[in-house]
Amino acid sequence: MARNEERLNETLSKMEGEGHVIHKADLCSSEDLNILVESLPVIDGVVLCAGIIKTMPVKNITEDAMTEIFNANILGDIKICSRLLKKKKFSHGGSVVFISSVSTFNVKVGNSLYSATKGAVNSFAKAMALEVSKQNMRVNCIQPGFVPSSILSSGAIEEDEFLKFYAERHPLGFGNPSDIANGCIYLLSDASRWVTGSIFTIDGGYTLQ
Amino acid sequence: MTLDEFVKAFAAEFDDTPEETFKADTRYKELDEWGSLIALSIISMVDDEMDKRVTGADLRNCSTIEELFNLVESK
């Protein structure tokens with residue numbers, strides 16, 4: 001599920017096997033979420049990975065920027081989890097995986113809003129994990145290091161400078177989306193049946209130094 | 001926004017450098033207070049006040065406040 005139908009189709013075309021479906025929906029739109037949740041069957045797991053960046057010093061933060069980034073990075077996640085639980089769309093033993101960020105503790109100048117939203121994701125995930133444990137549901141977070149993605153081409157980040165800075169700081173080099181997806185597969189599978197409320201750092205060693 | 005207004009808005013993003021320091025021909029990267037945080041502030045100011053987007057490279061490529069103003073205006 002995502003806003004961009006073209007990218008959804010691109011992802012769909014790369015998936016192996018059958019039975020995959022895509023839903024074009026905006027996580028920030030209550031109407032879209034209601035339609036989406038109603039249309040879903042009971043699900044075994046969900047990975048919530050929406051995120052945008054707003055780089056600005058604290059003194060320049062605007063109401064619009066705050067609203068936009070909190071809606072996209074945490075409020076949409078909360079809304080969809082709440083609706084899925086309310087409509088009993090999680091199977092017994094279901095798994096929820098949130099994607100936060102190492103920026104929750106490895107902060108950078110100008111990124112206070114992003115760090116705050118991702119910190120909220122970690123805290124929400126832990127509280128939700130406790131709340132749904134009676135249903136044998138598990139809730140975990142992955143906080144990735146730098147993974148080059150389309151968030152760069154949004155223009156929010158100056159790509160060359162950013163890549164150079166981070167290339168020097170990842171001992172195992174840059175990750176790619178499959179490195180994070182593999183963590184999600186683990187957390188969605190029964191291999192992690194005794195894992196809940198955990199926050200996994202997958203960052204190629206970025207936060208070691 | 002006029003050039004004078006831009007110079008004032010540019011100066012307002014600095015905390016320690018006196019406002020009278022700032023002129024259209026001020027070479028801003030030579031100011032002691034200049035740094036990445038100020039650069040981000042300028043980028044935000046241009047976005048908020050002029051609804052235009054400048055990059056770190058733009059700030060590096062310009063020397064004076066007027067050059068930056070002209071670049072922003074051309075966008």
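Biologist: Which residues line the second largest pocket?

Modeller: In this predicted model, the lining consists of A:G93, A:S133, A:N136, A:M137, A:R138, A:D190, A:R193, A:W194 and A:T196. A lining residue has an atom within 4 Å of a pocket point. The volume is about 190 Å³.

Biologist: How do you find empty space at all?

Modeller: A probe the size of a water molecule is rolled over the atoms, and that shows where space is left.

Biologist: What makes the lining of the second largest pocket nonpolar, polar or charged, by class?

Modeller: Two residues are nonpolar, four are polar and three are charged. Asp and Arg count as charged, so A:R138, A:D190 and A:R193 fall in that class. Met and Trp count as nonpolar, so A:M137 and A:W194 go there.

Biologist: Where does A:N136 sit, and what is its phi?

Modeller: A:N136 lies in the loop between α4 (112–132) and β3 (138–144) of chain A. Its phi is positive, about 60°, yet A:N136 is not a glycine. Chain B has a case too: B:D51, with a phi of about 55°, is not a glycine either. B:D51 is in the loop between α2 (36–50) and α3 (56–61) of chain B.

Biologist: Why are strands β1 and β2 of chain A said to pair?

Modeller: Pairing needs at least two bridges. β1 (residues 43–48) and β2 (residues 90–99) share five, in the parallel sense, so they pair. One bridge joins A:L48 to A:F98 of β2(A).

Biologist: What do β1(A), helix α3 and β2(A) make?

Modeller: With α3 (residues 63–86) of chain A, these strands make a right-handed β-α-β unit. Right-handed means that the path from strand over helix to strand runs clockwise, with the strands pointing away from the viewer.

Biologist: How do you know that chain B is in contact with chain A?

Modeller: Contact means heavy atoms within 4.5 Å. By that cut-off, 15 residues of chain B touch twelve of chain A. The area buried between them is about 910 Å², and carbon and sulfur atoms give 46% of it. In chain B, B:L40, B:S44 and B:R53 lose the most area to chain A, together 41% of what that side buries.

Terms used: Residues are numbered from 1 along each chain as its sequence is written. Chains are lettered from A and ligands numbered from 1 in the order in which they are written. This is a predicted model: local features need pLDDT of at least 70, side-chain atom pairs count only at pLDDT 80 or more; totals for chains, interfaces and linings use all residues. Side-chain values use heavy atoms; hydrogens and water are left out. On a 1 Å grid over the protein atoms alone, a cavity is a set of points where a 1.4 Å probe fits but cannot get out, and a pocket is an open set with protein on both sides within 12 Å along at least five of seven lines; lining residues have an atom within 4 Å of a point. Grid points are joined across faces, edges and corners, and a volume is the space filled by probe spheres set on the points. Helices (H or I, at least four residues) and strands (E, at least two) are DSSP runs, numbered from the N terminus. Buried area is the accessible area (1.4 Å probe) that two parts lose on being put together, summed over both.
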